[in-house]
Amino acid sequence: MLKCREIVEHADALLAAELTPIQRLSVRTHLLICRHCRRYVRQLRQLIRSVAAMHGPASDAQVQQVVTAVKNSKAAPAP
Amino acid sequence: MAGNDSLDLAALQRGDEVAFAGAVRLHHRALLAVASAIVGADDAEEAVQNSWIKAHAALGQFEGRSTLRTWLTRIVINECRMLLRGRRPTISLDEATVGHPLADRFTANGHWNKPPIPWHEDTPDGLLMEQELEQCLQRLLATMPEQQRAVLELRDSGGLEFAEICNELTVSASNARVLLHRARSQLFKLVDQYQETGEC
């Protein structure tokens, strides 16, 4: 039987579907009986999905700076 | 993953200025984080600005086979590579062997000593967006070993495959997985503590 610490070590591979069938069975068996590890895996999945948005939207000034740079690059003569 | 569905791709590819500004608003800070992890904060602005200019010119070639975020991330990586030409990449593996961020959460026999608490937020979008947490998050990212942060940004924010990450950062697949696991574990610990105490 895997220990909780090993579930944490395998969780990334579990969520990425990278475990072998035997490893997956071992992890799933542990998850059946351990609510703490079930919570860990569920919340890790939630966390991973949230990372793409963690930096938040750009400010108006940042957007304007990029838009102006793009316009200036189009106006500049080709080298 | 910040995907393609929240933007009008057709308008973007027609050259619609509002759609382009919307794309910049949605992705710019994440792209800055990617560039900063590779070339450092001082050169990140230049790399990302040049990337937007190239992306704008090439939007007609975007076929939607990846998310727009991933496509833009690849352009940023290319731009960073050009900036780094002739310079040593900032990425090194010296810090890969620090202790596991969740090590103190387990007993000696490997069971939870302090298990994760139930988090209040049920949706991914809300989880990392609380204002107080955002500041803690930015502090954590600023102090995270640079190679961990680079893999986290490229994989979980940029949506790149492990093979691309290994190629770009010149790390082995096993090292990349260890680095990602450490980075995610630090984030998990931060969010768990914040959810429990309201502080971090």
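**A few notes on this predicted model**

1. Helices are DSSP runs of H or I, at least four residues, numbered from the N terminus.

2. A word on reading this: the model is predicted, so local features need pLDDT of at least 70 and side-chain atom pairs 80 or more, while totals for chains, interfaces and linings use all residues. Residues are numbered from 1 along each chain as its sequence is written, with chains lettered from A and ligands numbered from 1 in the order written.

3. Now to chain B, where helix α2 (residues 17-39) bends by about 45° at B:His27; the bend is the angle between axes fitted to the seven residues ending there and the seven starting there. After α2(B) comes B:Gly40, with a positive phi near 95°.

4. Where does B:Gln148 sit? Its place is in helix α7 (residues 146-157) of chain B. B:Gln148 is buried, because 24 other C-beta atoms lie within 10 Å; the cut-offs are 20 or more for buried, 12 or fewer for exposed and partly exposed in between, with C-beta atoms placed from the backbone. B:Gln148 lies 18 Å from B:Cys80, C-alpha to C-alpha, and 68 residues away in sequence.

Note on methods:
Helix = DSSP H or I, 4+ residues; strand = E, 2+ residues; numbered from the N terminus.
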